[in-house]
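Subject: Structure for your files

Hello,

Here is the structure we spoke about.

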Amino acid sequence: MYSPADRARSLSGKPLGTIVKHDHKSIVKHFCICGELTEIRPLLRGHINDTYVLTTKKNKHIVRYILQRINHTVFKDPPSVMKNIIRVTEHIQSRMQRIDPDQASRQLTVIGTVDNTCFHKDADGSFWRVYNFIEDAVAYDTVDSADLAYEAARMFGWFQKMLVDLPGPALHESICDFHNTPKRFKTFQSVLKEDTCNRAKNAKPEIKYLFDNAPICDVLLNLAGKGKIPVRITHNDTKVNNVMLDKNTNKGVCVIDLDTVMPGLSIYDFGDMIRTGTTFAAEDERDLSKVAMNLPMFEVFVRGFAEQSSHFLTSTEKEHLAFAAKLITFEQLIRFLTDYLAGDIYYKVHREDHNLDRSRTQMKLVRSIVAQEEAMNEVIERIFQQVD
Ligand code: ADP
Ligand code: GN1
Ligand code: MG
């Protein structure tokens, strides 16, 4: 997770995935895109990959694409990540052709290269891929209406449902121990011990909170280890901005950001959606009075998710949904704080103390969930009884 090379890079002041000037036009030539390239515009969203919108024109017909440079310091084996993505997108595509052909063309599709591969590796060793652009759809960082919340939740439940019957061997683990919360805590402890940037002094309350609450870290992995919670194919990064909703109807269109689709716990996916969807505040909000888990929104998320997943979730999974929301938010607090202490080497930062600010929102959110956990469990029980 934080290798000696990563740390060395942090000391050199250069973030992971150090900015190199890329010749995007030559890169695009490797892909089978239609028409003449007229624009390449960076899309400054997401903490990990570099994303660009490509615009092409053929006989006055405009077609757009997404070009992405895969962050290969985070994803150590991009070809295997792409293999996963091809399997997942092709499976969803073929199911959609059967059940909802109108929406099939609005699913994420990998655009191949002229050499008939699914990515291009450039001379600098960067890995590039191209997707179709999902038109007339929006990825919201936060959702502020019940309609949007319901659709986002429905789509993440739908995504798991679509992959329940993915044939073939297990997917490649694109990031090892990605949601291994106890391991995340150990990494935090070792980064804190080194405190190479001398930043621990700025985060005393957050550090204390992590130690005080550490016992929750291993609850879900222990249950999984005993076979009480199944390992399924999960998305593992179910931020609300990783689902695209139709900009006119608000209906769910597709799920994006598939790099982390791999074996995982379904309820961590539920939890991450709650973490990002039930607060109206941004993940880096400085005014912490705005950060809280909103119970009415939570109810809508539970309903949307339950309608898609109720038939395959086990009772132990259902009993731990609220807990998973708390735990994944706690894990995110660990991750942001670790990166702050390590010198901002994993997440892109855009201002001083950005990762510390992000840690603080997560801590406030965990506290808000703890205060409402009983009520959240009541909501879950009631909604699943209605849906079952
Ligand atoms: P990251 O891993 O950096 O979060 P994403 O794959 O989520 O990268 O892409 C970042 C943003 O780019 C998304 O939140 C969305 O706004 C936009 N985006 C990504 N893929 C598409 C697509 N195929 N069509 C339209 N917009 C997209
Ligand atoms: C990253 O790629 P993006 O921005 O959707 C991260 C998630 C974190 C999230 C926090 C591969 O997601 O795990 O929860 O930031 N993705 C990876 O905002 O680490
Ligand atoms: Mg994303």
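The model is a predicted one, and the values below were computed from it.

Ligand 1

Several contacts involve oxygen atoms of ligand 1. A polar atom in the side chain of R45 is 3.0 Å from an oxygen atom of ligand 1. The side chain of D257 also has an N or O atom 3.0 Å from an oxygen atom of ligand 1. With N49 the backbone is involved: one of its N or O atoms is 3.2 Å from an oxygen atom of ligand 1. On its own, ligand 1 would expose 540 Å², and the protein buries 94% of that area. The space that ligand 1 takes up is the second largest pocket.

Ligand 2

Which pocket holds ligand 2? Ligand 2 sits in the second largest pocket, the one whose space is also taken by ligand 1. Around ligand 2 there are 18 residues, with K239, E283, Q332, R335 and Y346 as the closest.

- E283 has a polar side-chain atom 2.7 Å from an oxygen atom of ligand 2.
- D237 has a polar side-chain atom 3.0 Å from an oxygen atom of ligand 2.
- D257 has a polar side-chain atom 3.0 Å from an oxygen atom of ligand 2.

Taken alone, ligand 2 exposes 440 Å², of which the protein buries 97%.

Cavities

Rolling a probe the size of a water molecule over the atoms shows where empty space is left. How many cavities of 30 Å³ or more are there? The count is two. The largest cavity contains about 70 Å³ of space. Its lining is made up of T89, I92, Q93, Q107, L108, W158, F159, C254, V255 and L258.

Regards

Terms used. Residues numbered from 1 in each chain as written. Chains lettered and ligands numbered in written order. Predicted model: local features only at pLDDT ≥ 70, side-chain atom pairs only at ≥ 80, totals over all residues. Heavy atoms only, no water. Polar contact = N/O pair within 3.5 Å; in protein donor to acceptor, adjacent residues only side chain to side chain. Areas by Shrake-Rupley, 256 points an atom, 1.4 Å probe, with all protein chains shown as cover. 1 Å grid on protein atoms, 1.4 Å probe; cavity = no way out; pocket = protein on both sides within 12 Å on 5 of 7 lines; lining within 4 Å. Sits in = over half its atoms within 2 Å of the grid points. Points joined across faces, edges and corners; volume = space filled by probe spheres on them. Near = heavy atom within 4 Å.
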